[in-house]
Amino acid sequence: MQKKLILPLLILFLILQWCMFKENNFLNNTDQQTDQTENINNIENSQNTDNIENVDDVKNVENTSDSTETAQYENKIENFSLDFPKNWTVKESTFNVTISTPKDDEINENVIIVTQQLQKFLSVAEYYEETIRQLKETLENFKEIKSKDVTQWELKGKTIIYEHIHKDTNLTLKSLQTFFMAPENRVYSINYTATKDSFDKYIEWVETIINSFKLNK
């Protein structure tokens with residue numbers, strides 16, 4: 001596989017891995033996780049500075065404040081920050097940041113932020129086409145709903161909304177992916193996954209996360 005294809009596949013894997021069903025119905029791709037994430041940089045949560053000696057361990061930041069309030073997350077290693085609802089849970093690992101909604105329905109809806117250094121230059125259009133190709137090949141009953149170009153903080157990118165079937169439970173999942181192409185072939189991808197029925201329940205907060213995303217100087 002060409003190195004430039006790693007990111008779409010990694011994002012696809014993370015969507016499947018972190019979309020966790022109640023009663024421990026997890027998607028079992030842990031072996032693939034090790035292979036796909038070995039080159040991803042360690043990340044750091046500035047809101048959990050008391051426990052940052054070992055970033056290889058997954059860390060949790062949880063706040064039960066009113067969901068109308070926001071907190072700021074800053075990743076000093078990957079050099080970005082964003083706002084998120086205070087009563088959502090932030091988990092860090094060596095390969096991604098996952099921001100999860102409160103668990104109150106069929107799945108634990110979440111937003112996953114992934115970064116990757118591409119091995120060669122790809123335009124927004126090329127990256128979009130490769131991502132769609134990989135999603136079509138891998139997801140059950142993949143259906144693209146819409147896509148649009150986005151520009152934020154002088155970063156160009158694209159937002160993709162799509163549906164697919166989780167074959168083990170037959171649930172229809174709905175996902176949103178927004179990616180930004182940064183200088184030096186760096187890609188920042190923000191990915192939201194929910195059921196088709198619960199997608200709109202959190203979409204405004206997801207948009208808050210995406211719209212607040214910025215690279216720190």
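Is E137 buried or exposed? With a relative accessibility of 55%, E137 counts as exposed, where exposed means over 50% relative accessible area, buried under 20%, and partly exposed in between (1.4 Å probe, protein chains only). This is a predicted model, in which local features need pLDDT of at least 70, side-chain atom pairs count only at pLDDT 80 or more, and totals for chains, interfaces and linings use all residues. Residues are numbered from 1 along each chain as its sequence is written, and side-chain values use heavy atoms, leaving out hydrogens and water.

**The whole protein**
- You can look for 4 helices and 11 strands; these are DSSP runs (helices H or I, at least four residues; strands E, at least two), numbered from the N terminus.
- Of the 217 residues, 53% are buried.

- Side chains of opposite charge can pair when their charged atoms come close.
- The whole structure holds 6 salt bridges, each a side-chain nitrogen of Lys or Arg within 4 Å of a carboxyl oxygen of Asp or Glu.
- R133 and E137 form one of them (2.7 Å, N to O), and they sit about one helical turn apart because 4 residues separate them in helix 3 (residues 124-138).
- R133 is partly exposed at 34%, and a network of salt bridges links E130, R133 and E137.

**Salt bridges elsewhere**
- K86 pairs with E69 (3.6 Å, N to O).
- K86 is in the loop between strands 3 and 4 and E69 in the loop between strands 1 and 2, so their pairing ties together parts 17 residues apart in sequence.
- D149 and K158 also meet in a salt bridge (2.6 Å, N to O); D149 is exposed at 58%, whereas K158 is buried at 11%.
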